[in-house]
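User: I would like to go through this structure with you, starting with charged contacts and then moving on to strands and rings. Please keep the answers plain.

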Amino acid sequence: MRKIVVGRYVFGLVLFMLTIDTFNPKSTIAEITSRAQGLDVSSYQGPNIKWDKVRDAGYRFAFVKASEGATLEISTFRTNIVSSRSVGMLSAPYHYARPDLGNPTDPVADATDEAKHFVSVAGNFIKNYPCLRPALDVEGKSNKLNKADLSRWVNTWMSAVEKALGVKPIIYTGTDYAINFFDDSVTQHDLWIANYRDPAGTPNIGIWERNGKNWLFWQYSESGSVPGIEDTVDLDIQEKVDLDVFNGPTSTLDCSIVSPDLQKSFFDGAGSIVRSKKDCWGCQHDEARMHPHTIPSAVVFQWASDIPNCHDLKI
């Protein structure tokens, strides 16, 4: 995630070596290709992504930047979240945290304001369409807060979003943050780690490892080239893209899709799929509970994009 958008201005985010390491493709390619592949995009990649080409290149999921701070809505969010879903990709919105812009003496109030803003921008998509869990992006100048206050800020944002939407968000951060800038309470949240240096399958996840946790998603490159994503100025030049993998195969990723409102429409009181809608869902509720990243308070199911008319369901 290489750009920060503030008002009308775009600033390059300088990522220091300690914050997110340099990717070594030779050491990771075999391990990475065995997992479900994805990417993340922001306004930097523009609104004209050819998502069918992205899908055909083997990318299964996309995180799409929705908001930043307490007021900014990303101009390309709605276009990219709808377009990626329309071609059968799994997608999720993410929020770029800006605790450095808030009141340092009241991190709880500041985090609550940012959570409300994210829900106002992305909440309708999360509540009404099958999607992956939303993410909170913590990097950049967030470490202006001390460890205790930043951890409190993160936990407050996560709780506010979960309360509003019924879905547990995940946290995106780099290895330096995972080692140095959070206390152990933050490891309750599933991790999307940014690390471009460590050997195949073993990105350094800091305090998550110390607390017996693993990573859920891994952003292993900030300089990928993806068909369908060209430079916004020169269409003959491919734009650089952040590349990610899910910690498991596509079949497990499919059972990680969430949409809390579907519990009312598609499941009976015992947690079984309502028979009349079953043909559109490929992952049994009881079976999904066996997956390590299932969220108990939400419905987990597989979006069967290859079944006719399923995309036309009005949820």
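User: Which residue forms a salt bridge with Arg-98, and how far apart are the closest N and O atoms?

Analyst: A note before the answer: this is a predicted model. The partner of Arg-98 is Glu-68, and the closest N and O atoms are 3.0 Å apart. Arg-98 sits in the loop between β6 and α4 while Glu-68 belongs to strand β4, so the contact ties together parts that are 30 residues apart in sequence.

User: Is Arg-98 buried or exposed? And Glu-68, buried or exposed?

Analyst: Arg-98 has a relative accessible area of 8%, so it is buried. Glu-68 is buried as well, because its relative accessible area is 3%. The cut-off applied here is under 20%.

User: How many salt bridges does the structure hold?

Analyst: There are nine. One of them joins Arg-133 to Asp-190, with 2.9 Å between the closest N and O atoms. Arg-133 is in the loop between α4 and β7 and Asp-190 in the loop between α6 and β9, so this pair ties together parts that are 57 residues apart in sequence.

User: How accessible is Arg-133? And Asp-190?

Analyst: Arg-133 counts as buried, because its relative accessibility is 7%. Asp-190, with a relative accessible area of 25%, is partly exposed.

User: Back to Glu-68. What stands opposite it in β6?

Analyst: Tyr-96 of β6 stands opposite Glu-68. Strand β4 covers residues 61–68, and its pairing with β6 is parallel, over seven bridges.

User: How many residues of β6 are buried?

Analyst: Seven of its seven residues, which span 90–96, are buried. Leu-90, Ala-92, Tyr-94 and Tyr-96 point one way, whereas Ser-91, Pro-93 and His-95 point the other way.

User: Changing topic to rings. How many aromatic pairs are there in the whole structure?

Analyst: The search finds 14 aromatic pairs. In one of them, the ring centres of Phe-63 and Trp-192 are 4.2 Å apart and the planes meet at 25 degrees, so this pair is stacked. The cut-off for stacking is planes under 30 degrees apart. Phe-63 is in strand β4 and Trp-192 in strand β9, residues 191–194, so the pair ties together parts that are 129 residues apart in sequence.

User: What is the geometry between Phe-63 and Phe-217?

Analyst: Their ring centres are 5.1 Å apart with planes at 90 degrees, so Phe-63 and Phe-217 form an edge-to-face pair. Phe-63 counts as buried because its relative accessibility is 0%, and Phe-217 is buried with a relative accessible area of 4%.

User: Which residues make up the cluster linked by ring pairs?

Analyst: The cluster contains Phe-61, Phe-63, Tyr-94, Tyr-172, Trp-192, Phe-217 and Phe-246.

User: Where does Trp-192 find its bridge partner, Tyr-172?

Analyst: Tyr-172 is paired with Trp-192 of β9. Strand β8, residues 170–174, and β9 are parallel over four bridges. The chain passes from β8 through helix α6, residues 175–180, to β9 in a right-handed β-α-β crossover. On its other faces, β9 is covered: Leu-191 and Ile-193 on one side and Trp-192 and Ala-194 on the other are all buried.

User: Last topic, the nonpolar core. Which residues touch the most other members of the largest one?

Analyst: Leu-39, Val-154 and Phe-182 do, in a core of 54 residues. A second, separate core has 18 residues, including Leu-90 and Ala-194.

Technical notes
Residues are numbered from 1 along each chain as its sequence is written. This is a predicted model: local features need pLDDT of at least 70, side-chain atom pairs count only at pLDDT 80 or more; totals for chains, interfaces and linings use all residues. Side-chain values use heavy atoms; hydrogens and water are left out. A nonpolar core is a set of buried Ala, Val, Leu, Ile, Met, Phe, Trp, Tyr and Cys residues joined through side-chain atoms within 4.5 Å. Buried means under 20% relative accessible area, exposed over 50%, partly exposed in between (1.4 Å probe, protein chains only). Helices (H or I, at least four residues) and strands (E, at least two) are DSSP runs, numbered from the N terminus. Two strands pair if DSSP finds at least two bridges between them. Rings of Phe, Tyr and Trp (its six-membered ring) pair if their centres lie within 6.5 Å; planes under 30 degrees apart count as stacked, over 60 as edge-to-face and the rest as tilted. A crossover is right-handed if, with the strands pointing away from the viewer, the path from the first strand over the helix to the second runs clockwise. A salt bridge is a side-chain nitrogen of Lys or Arg within 4 Å of a carboxyl oxygen of Asp or Glu.
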